[in-house]
Amino acid sequence: MDIGDRSWMYLLRSANEYENGVKDFLNKAFERASLGNKILCPCKLCFNRYWHYRDVVEDHLFGHGFSPNYTQWVFHG
């Protein structure tokens, strides 16, 4: 998957492409932008305001999806 193409972020959350995209996103975000073991959560509810552990961010992204129009990852590298 080309991480530069972020159209996967707004697919159905049950789609394989969405699942693969979330895993790639989390790998890159934790490599580039973590504070300890946490990153800002880009889900619709947290909206990059709250720091969470990887498993929580993953749950949020599958449960709530990404914040609208968050295609420039200013908080995640």
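1. Let me start with the sulfurs: searching the whole structure, which is a predicted model, turns up 0 disulfides. Cys 41 is in none, and its nearest cysteine sulfur, that of Cys 43, lies 3.7 Å away. Cys 46 is likewise in no disulfide, with the sulfur of Cys 43 nearest at 3.8 Å. A disulfide needs the two sulfur atoms within 2.5 Å, so keep that cut-off in mind when you look at these pairs.

2. On burial, Cys 41 has a relative accessible area of 0% and is buried. Cys 46, at 5% relative accessibility, counts as buried too.

3. Setting aside neighbours within four places in sequence, Tyr 53 is in contact with Phe 30, Asn 37 and Lys 38.

4. For the fold as a whole, the protein chain has 2 helices and 2 strands, arranged along the sequence as α-β-β-α. The radius of gyration is 11 Å, which agrees with the value near 11 Å for a compact globule of 77 residues. The C-alpha trace spans about 30 × 25 × 20 Å along its principal axes.

5. Finally, some totals for your files. Buried residues account for 34% of the 77. The protein chain exposes about 4,700 Å², with 49% of that supplied by carbon and sulfur atoms. The 9 positive and 9 negative charges have mean positions 7 Å apart.

Methods: Residues numbered from 1 in each chain as written. Predicted model: local features only at pLDDT ≥ 70, side-chain atom pairs only at ≥ 80, totals over all residues. Heavy atoms only, no water. Buried < 20%, exposed > 50% of the residue type's maximum accessible area, 1.4 Å probe, protein only. Contact = heavy atoms within 4.5 Å. Helix = DSSP H or I, 4+ residues; strand = E, 2+ residues; numbered from the N terminus. Rg over C-alpha atoms; globule rule 2.2 N^0.38 Å. Areas by Shrake-Rupley, 256 points an atom, 1.4 Å probe, with all protein chains shown as cover. Lys, Arg positive; Asp, Glu negative; His and termini not counted. Charge placed at Lys NZ, Arg CZ, Asp CG, Glu CD.
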